[in-house]
Amino acid sequence: MKKDLVIIGGGPAGLAAAEAAVLAGARDVLLLERDVRLGGILNQCIHNGFGLHTFKEELTGPEYAARFEARVRALSIEYKLGAMVLSIAPDRTVTVVSREDGLYTIEAGAIILAMGCRERSRGALNIPGFRPAGVFSAGTAQRLVNMEGYMPGREVVILGSGDIGLIMARRMTLEGAKVRVVAELQPYSGGLKRNIVQCLDDYGIPLKLSHTVTEIHGRERVTGVTISAVDKNFKPIPGSEEFYSCDTLLLSVGLIPENELSTGAGVQLSRVTNGPVVNESLETSVPGIFACGNVLHVHDLVDYVSEEAAAAGRAAAAYLAQGERAAGKAIAVKPAGGVRYTVPSTIRPDAMPDALTVRFRVDNIYKNRFVSVYFGEERVQHRKKTVLAPGEMEQIVLKKADLTDAAFDTITICTEVE
Amino acid sequence: MYDVTVIGAGVIGCAIARELARYRASVCVLEKSEDVCTGTSKANSAIVHGGFDAESGTKKAEMNVRGNAMMTKISQELDIPFKRNGALVLCFSESERSGLETLCARGVKNGVEGLRILSGDEARQMEPNLSDAVCAALYCPSSGIVCPFELTLGFAENAADNGVEFRFESGVTAIARTASGYRLETDTGAVETRAVVNAAGVCADLVHDLALPHAFSITPRAGEYCLCDKSVGGLVSKTIFQMPSERGKGVLVTPTVHGNLLLGPTASDVEDRAFTATTAQGLGDVLQTAALSVKQVPARQIITSFSGLRAHGDTGDFVLGESAPGFFEAACIESPGLTSAPAIGAYMAQLVAETLGLEENADFNPIRHGVVRLNDLSPAARAAKIRENPLYGSIVCRCETVSEGEIVDSIRRTLGATTLDGVKRRTRAGMGRCQAGFCTPRVLDILARELQVPVTAVRKNARGSEVLVGKTQKGGAAL
């Protein structure tokens, strides 16, 4: 089978990319989704708060997904469900397996990676103790509660204050479970401020910063966990151990872009984001393979996923129309002074849109700092922010007119005290 | 009334049961857990040792070398993954070199073939990621890696297919001598048998003491491990040991037969025979000690950690034989127990058969077919399998690409899985980098459907390990 554009993943990123690609002129587009429905992880996010930027209203996850699904259907974009991509070759041959169609390959003119991310597991943290039932990643618990209608436990401790953990603290409480505490290794929460207020504070659930789970108790089922304070090197402080009885431990300890397929295709990954290194077109190191959404870098708001994915869709359509561009001058985008990474990390002014959004995250909580942009040695943007937090993605906009015929090779994005 | 009752469905009990199936006899295996392979057999280094380690003249040495030699044929008959990847024992200082030579000489005496001492550079040529501190190494080409779950399951399923009966959740609580043999009280009722084979692993001394005067004591010796992602499975191609000590073979670094990287074990004696918890100290020691062997320990790629209990006996050697009339024992089976299992199985079965005067079973079929793994098939064979059964086209476990077809097979087959862990050990669903985050809800559903039980009754493993505690307020009506 041959397709102009294959989009891998039918979550928010894949849906928005598909729509934008077709609106930009791409034909013969195929969207592959491994689950039995489109929408991805939004289907289990039944809380509201989605779409404030995109639709200027508060939607639930399934509602937000439904709007994009409707657009994809309206454009008659072909999609397949239950279709699991097994591999991508560097020549863009995609191997797929599904119940309906068996095992087959697609020769793709271009590919958009939109596979999303997975949750870090207990194993990745190496938490000591027994391995009983009752240890779930927060997203798994969310799926069980919201989609399957089952309770993973009644008395809950949550490790990690990422957004899913915070949302699940409220969700479990509303379902009648007792959430005893949320422990966070960092001295600050990795989640959105609004979620801390609406999911913990409003329900009187304590958040213990600079604390972690140091032992899991219980042989068949979790009977409790030990929580310890940690020092500034994240080492548990002896003597600070506290036992919490519970039957469930939910882990919300980070998301990892799911790039095993990308690696197989020869796509170069960033050690900071664990996602592909991309240019202004969100094109990876392999020509014709683009990436967007949480497979590229973990987002906190789906609105930005949609926005980014649409850009990837337009770029893929342009690639299909024009073929590989002659490599014009490329300017490196470098993070510095408290900025962990930027997406993209290179910009070819020739290929960029009139206005390009560069997204980034900071590495710590900063108060009353400036976000600055330097073209070479020259500071061209300088904007004060009252709070910068690792849990909240930041962005700046660069104009094509400012970069065309640039004399500099580097753009630096950093935070500054003054 | 059975002819033979085997206590324990670990790799030793199952190997003995499978070899007993070669005779015309009614055989029963009693297991206190819910499945085969839930104790030491499921949490070990998964190594088929060469046999240079055990003192010459011991049963350990004899069974090790014999078991190693049998493994190729056994793995073919039972359709299990086994690879002779070779092993290196590292030496970090010239003063240790004589130890390496002693080991080599002992191996030669034990009958291990192909042993050779390499210089540090030769060893690094073989394994480029070895530490620069390595100054010499013993190379053992016959060493291998095996899937311990599959080896145990292979023995068990093949035994069951040949008529051996398995009773789970049937821990033995009392043993009495009778006129015709023994009467065993179990959690699920009494069993009368002509002969007993005690293969109760870390509890074999307790089982012995139910029937006979105290003769040996077993100390559970915990070994903690870290398992790393397949992305670093190629760090080494051979099993990398350090010089052994009186505490055991030390921390190894090895690829697994499924392509992961395994680090461990520690060795610390515990009192509780079910203490399989990992500890911060133990996991730290694993990483620290492994760092001596290789240039960089991929600590960031750890996907899980676990602890297993060695059945360390005060006898210094395996206890193999007839301890009282009709009461046979395969006890104190610590390392190299997994390697020795095929040899112990054959030895014990023959001993029992001779003693009871059992006749050969001409109908015995040594062939077992494992779960067909899509990952192992060629694209054409894979496509054909999906055409034959579309469930093989529906991927449930993303990380290990395990299909619904494989999971259903694991549940419906002989001694099929009844728990999440049972499915995991038979198919690898949930064994990958996300550690069952994505597939747990699907596997719960499939188990409930196939076993015709409510989802809330599905367990992770033993009784009391139900995964879900009930329905939500809207009770499954969410979607």
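How many helices and strands are there in chain A?

## Basis of the model

This is a predicted model, in which local features need pLDDT of at least 70, side-chain atom pairs count only at pLDDT 80 or more, and totals for chains, interfaces and linings use all residues. Residues are numbered from 1 along each chain as its sequence is written, while chains are lettered from A and ligands numbered from 1 in the order in which they are written.

## Chain A overall

Chain A contains nine helices and 28 strands; these are DSSP runs numbered from the N terminus, helices being H or I of at least four residues and strands E of at least two. Its radius of gyration, taken over C-alpha atoms, is 22 Å, close to the 22 Å that the globule rule gives for 418 residues, so chain A is as compact as a globular protein of that length. The globule rule is 2.2 Å times the number of residues to the power 0.38.

Buried residues account for 52% of the 418 residues in chain A. A residue is buried if 20 or more other C-beta atoms, placed from the backbone, lie within 10 Å of its own, exposed if 12 or fewer, and partly exposed in between.

## Valine 29 of chain A

V29(A) lies in strand β2 (residues 29–32) of chain A. V29(A) counts as buried because it has 28 C-beta neighbours inside 10 Å. The C-alpha atoms of V29(A) and V6(A) are separated by 6.0 Å, although the two are 23 residues apart along the chain.
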